[in-house]
Amino acid sequence: MNSELGSTLKRPKRPDKSNHKMESLMGGRRENEKLPFWRRYIFSQDHKVIGIQYGITGLCFLLFGFTLMMLMRWQLAYPGKPLPLIGQFFPETAMISGIMLPEFYNQLGAMHGTIMVFLGVVPLAVGGFGNYFLPLQVGAPDMAFPKLNMVSYWFYFVGGVVMIASFFVPGGAAQSGWTSYPPLADIAPTGQTLWLVGMAFLINSSLLGSLNFIVTTVQLRTEGMSFFRLPFFVWAQFVTAFLLLLAFPPLMAAAVLQLMDRLAHTSFFMPSGLVVAGKVLEASGGGNPLLWQHLFWFLAHPEVYVLILPAMGIVAEIITCNTRKPIYGYKALVYSALFIGFMSFLVWAHHMYLTGMGTKMSAFFQITTMIISIPSVIVLTTMVLTLWGGSIRFNTPMLFAIAFLPMFGIGGLTGLPLGLAAADIHLHDTYYVIGHFHYVVAPGTIFALFAGIYHWFPKITGRRMSETLGKIHFWSSLAFINGIFMPMFLQGLAGVSRRLFDPTQYAHALSTQPLNVFISICAWLLGLAQIPFILNFFGSLFWGRRTGQNPWEATTLEWAAPSPPPHGNFPKPVRVYRGPYEYSAPGRKKDFWPQNALEAD
Amino acid sequence: MSTAVIPYISESHPVTGVTNSKLGTWCFLASEVMLFGGLFSAYVLLRTGTLEWPHGKELLNVPLATVNTLVLITSSVTMVMSWASLVMKSLSRYRFFMGLTILLGLAFLVVKAFEYGHKFQHHLFPSTGTFYAVYFTLTGLHGLHVLGGILVNLYFLVPGSRLWRTNPEQFTGRIECAGLYWHFVDLVWIFLFPVLYLL
Amino acid sequence: MQEKYYGWGLPVDVSVHGWQVDQLIVVVHVFMAVLFIGWFSFLIYALIRFRQKPAHQADARARHFKLPTYVEAGVALFEVVLLCAFSFPIFSQARNEFPREDKALKVRVVAEQFAWNVHYPGKDGLFGRMDPKLIKAVNPLGLDPADPAGRDDVTTVNQLRVPVHTPVIVELASKDVIHSFAIPVMRVKQDVIPGQTVRSWFEAKQTGNFQIVCAQLCGLGHYRMRGFFTVQDKDEFRTWFDAETAKKTGQKQP
C-alpha cells in the first residue's frame, strides 16, 4: 500500500534513525559511524542505547542511594560520635565537626527512599531491562515511539539532577520522608519544592515509557508471537506499564496540590488553626492532610508492584533457562500478574489503618490485602515447582534468581502481620515495616536485577562476566543483606519507631542498640561486597570471555539476535512458532527449542 | 546496515485495528483521566469535609464561562472539520479549520485570562480559601492543557504539515490523534464548568 | 531500671487488652514460620535433588501437582480465620468499643513539634475552650481563661499520669504536623492528624514508668519527642490530681 511505501520512502530522510549500539565502545566491529557521537550515544533513539543509559544511570543512583544509607547507619550505630575520615568534609549544615545533624539525617532518609525507588530500582528494572529486552523478546525492531523513548530517558535524567541538586539549596534536600506527608512537607524548606519538581519530571518520564511499553507489546509483536507465547518477562513489564500509566497521575495531582500549597500558599493539605513553633500559621486552612496520603498511596502501592513484577519476570526467565524446563503453570503465572496488577489499585489504604480510619473501611482494605497475597503465593509456588524435575545449573544469575525466592518469600510473609490492622497497631511505622519492604525490594528485587545483569550481560556486550567474582559477590551479598534486615524484625517487634535520628533516646530502642551496631557493620560490609561486582562489570566489558549469540542455550527471541544486537535488532525478520520455554522437549536432540526455530532445526 | 523500520506507523494493525500513535494517544488519555480524576476526587473530599462551601455561581462569572464553554465546543467541531478535510484530501481546507481551532483555543485562554485578572483585582487569590484554591488549580491545569494543545496544533498547522506531501495517511493519523487530545481537553472543561461554576 | 521491660522482641505488656494484639502477632508468626520452613525445605530439597548431573536431562513432561493447590486454599482459609477471629474484633475493640465515660479517665493529648501537651479536665469533667490565637509559651494549649470549664483543668508537658486498672480515653489532637501517639507497652498507637480529634483508649494493669513514643516523622526533633508515661496506684493518682486541681483553682480564686 502506498502508506507503507510512504513510510519507507520517508524513513531514510530522517537522519536520526540510524543510531548505533555501544558495540564500538565495547569492542564490536560494526560500521555505520555516520551519526555524530552525541546522536548515537547521548540523544539516541535506539531502545538498546536508551536501555543501557537507563541501566547505567540507575546503577549509579542505586550506589548513591546506598551511600546515603551507609552514612545514616553510622549515626544509628554510634549516635553523636563524629564520623571518622570523611565526616570533616561535610559542610556545617550537615555535620558539625563530623557529628551528624538531625536535619541532615532526615534528608538522608527521605532521599535514600526516593532515590532507591524512583531513581534506582524502577529505572533499572523497567527503563533498563524493559527497554532493552522487551522489544527484543517480542521480536520488534525497536520501541513503537523511539523519540518519546529518548525524551523519557532525559526527563528521568533531569528529574535525577533536580533531586541531587536539592541537597545544595538552603535548608537542604527534602526531609519529610519519601512519603512527604503534609503539613510537615508543606512547611519544610526549599528542598521539598525541588523534590516535587523532580517527581514531576520522573512521573512524565514513566508516563512516556509506559506508553511505549504498552504500544510495543500490543502492536509490534512479530509474526506468530501471540499473547500466550510472550515470555513472562514481557507480561510482567506489560502489567507494570499499566500500573505506571494509571497509578502515577494521582501522584502528579498530589504533587501539583502540594506545589500550590508551597508556592501559592493554598491550604489543600492544611487544616485551619495550625500553630507552628508558637506562631499561628497564616493560611486560609480548610484542607485535609489525609488527602495527600490517599493520593500518595494510590500511587505508591501499585508502585510496590512496579518494583516487584519486573523482578519476577527476570527471575522466571532465568529459572526456566537454568533448570532446562518449561515454567510450571505459565498461564497461572500470567493471570496472577494481571490479577496482582488489578488488585494493587485496591489496597492503598492499608498504609493508613492508624489514621483514624473506621472499622468498615479498614475491613475492606484488610480483605483486599489478604486477597492480593494469594497471587503472590501462586507466583512463588510456580517458580519453585519449575525446579522439580529440572537439571539445575548453578551459575551466578541462577544463584541470584533462586535467592530471590526465599527473600521475596520473607518479604511477602512479613507483610501479613502488617496487613492485619490489629497487629499493625503495634507494628505500624516501626522497623518491622522497614524490614518487610526491604526484604521485598532489596534482597528481592535488587537480587533479581543482579541476576538479570549477569544473565543478559553477554547479550548486551558480547562478553561474559566472571563466574568466580560473581559467586563471591552473591554469597557475601546474601549473608550481609540478611544481616541487615533480619534484626530489624526484632527491633520492630520491640516497637522501635522508624526515622529516629538517635535511637538511644527511647528506652525500648536503647535495648536493641547492639542490633543497630550489628546491622550497620553488615551494611558497610555489604557495600564492600559490591566491589567484586563493580570490578567484574567493568573488567568484563574489556576482558570478558567473548560469547556467541546464545551462550545460555535459551529459547526466547533476544537470543536469536546477534550479541550485541545491531540497530533494528534482527538481521532478518523473525517468526515465532512456539511458546517461550520449550526446554528439554521430548524427542529432540538438543534440550532447548528456540521460539523462532523451524520444526526441522 | 538497515535502519529500524517500525511497523503500523501509518497503517492500522490488522488485529487491533489502530495505528501505534492512536493506541498511544488513547493510553495517554487514560493517564490524563487518572490525573484529572485524582484532582476531582480531591475536590470532592475537600468539599464534603467542609461545612460550608460557597456556590460557584455567586463567586464566579457564569456568563463569561458559558461563552467560553461554547467557544471550546465550537473549537472541537472545527478540529473534526480539519481532520475531515484531510480525509477528503484538501490541505487548504484543513489549514483553514485548523487555524480556526487555534484561534478559538486562544480566545478561550484570553477570556480565562480576563477572568483571572478580574479575580486578582479583587484580591482573590488561590490562597484566599479552599474554593479559590480548587478553582485556580483545576482551571489553571486545564488552561495549561489547552495551551499545550494549541502548541501541538500550531506545529501541525505550519511545520508539521510538510508531512502531507510525503505521507498524507500518517499526517491524517496525527491530526486525528491531536483531535482526540483536543476533544479530551474540551471534555474536561465540560466537567469543570458545572462543577466549579454551577454547583 | 528499664531492662526488665524491654528486650529484643515484644516489650512487656502492661495493658489489660494488649494480650490480644500479642496473641495475633504470635499466631501469625507461627503460621509464617510453618509456611516458610515447609516451603524452604522443599526448595532446598529440589535444588539438591535436581542439580545438573552428567548425562541427565530435565524432565519436561507436563505434570500437575495437587498439593500446592491445597496449600494455597489452606493459606486463603487461614487468612480468613486471621481476619475474622482476630483482626476484625481486635481492631474494632480498639477503635469502636470505648469504655463508658463515667467509668473512665478522660484526657486530651495535644501533640506539637516536639512535645506532648497533656490536658486533664478538672473535677467538672469538662475541657476548657481552646483557641490557637491564645497559644503562648506559658499557655501551650491556648486555654481560654474566660471559660469556667477550663478553670480547674490540669495541664502537663510530656508527662502522662494515669491510674492503674482504670480505662483511659485519650483525645488526640495536633497543633502543627502529623504525629503518632504510641505507647509500646500499652499496645496502643494512633496517628494524630492536625485538624481532627481522634479518640483512642487503653487500660493499664500494672504500675510503672514507661514512655510515650512519636511514631510518625514530625520533623528534626522527632527522635526526641518522647513523653513520660506513668501508671500509678489509684490513690496515688488521686492525691496528685487533687493537689494539682487545688493548685489551679486556688490560683484562679480572687
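This is a predicted model: local features need pLDDT of at least 70, side-chain atom pairs count only at pLDDT 80 or more; totals for chains, interfaces and linings use all residues.
Chain B and chain C do not touch, and their nearest C-alpha atoms are 11 Å apart.

**Chain A**

Chain A contains 17 helices and 4 strands. Taken along the principal axes, the box filled by the C-alpha atoms of chain A is roughly 80 × 55 × 55 Å. Burial is counted for 72% of the 601 residues of chain A.

One residue of chain A can be followed in some detail. A:P566 is found in the segment after helix 17 of chain A, a helix that covers residues 513–543. Is A:P566 buried or exposed? The relative accessible area of A:P566 is 5%, and because buried means under 20%, A:P566 is buried. A:P566 and A:A311 are separated by 255 residues in sequence, while in space their C-alpha atoms are 26 Å apart.

**Chain B**

Chain B has 7 helices and 0 strands, so that, read from the N terminus on, its elements run α-α-α-α-α-α-α. Along the principal axes, the C-alpha trace of chain B spans about 65 × 35 × 25 Å. Of the contacts in chain B that have a separation of 6 or more, 75% join residues 24 or more positions apart.

Within chain B, B:T25 belongs to helix 1, which comprises residues 20–48. B:T25 has a relative accessible area of 12%, and because this value is under the 20% cut-off, B:T25 is buried. Which residues does B:T25 contact, leaving aside its neighbours within four places in sequence? With those neighbours set aside, B:T25 is in contact with B:C177 and B:L180.

**Surface, burial and charge**

| Property | Chain A | Chain B |
|---|---|---|
| Residues that count as buried | chain A: 72% of 601 residues | chain B: 53% of 199 residues |
| Accessible surface | chain A: about 18400 Å² | chain B: about 9000 Å² |
| Share of that surface from carbon and sulfur atoms | chain A: 71% | chain B: 73% |
| Distance between mean positions of positive and negative charges | chain A: 8 Å | chain B: 10 Å |

The charge distances rest on 38 positive and 25 negative charges in chain A, and on 11 positive and 8 negative charges in chain B.

**Chain C**

For chain C, the domain assignment gives domain 1, which runs over residues 18–95, and domain 2, which runs over residues 102–252. How many residues does each of these domains of chain C bring to the contact? Domain 1 of chain C contributes 5 residues to the contact, and domain 2 of chain C likewise contributes 5 residues. The C-alpha centres of domain 1 and domain 2 of chain C lie 44 Å apart.

Key. Residues are numbered from 1 along each chain as its sequence is written. Chains are lettered from A and ligands numbered from 1 in the order in which they are written. Side-chain values use heavy atoms; hydrogens and water are left out. Helices (H or I, at least four residues) and strands (E, at least two) are DSSP runs, numbered from the N terminus. Buried means under 20% relative accessible area, exposed over 50%, partly exposed in between (1.4 Å probe, protein chains only). Accessible areas come from the Shrake-Rupley method with a 1.4 Å probe; for residues, only the protein chains shown count as cover. Lys and Arg count as positive and Asp and Glu as negative; His and the chain ends are not counted. The place of a charge is taken as NZ of Lys, CZ of Arg, CG of Asp or CD of Glu. Domain bounds come from an automatic or database domain assignment. Contact means heavy atoms within 4.5 Å.
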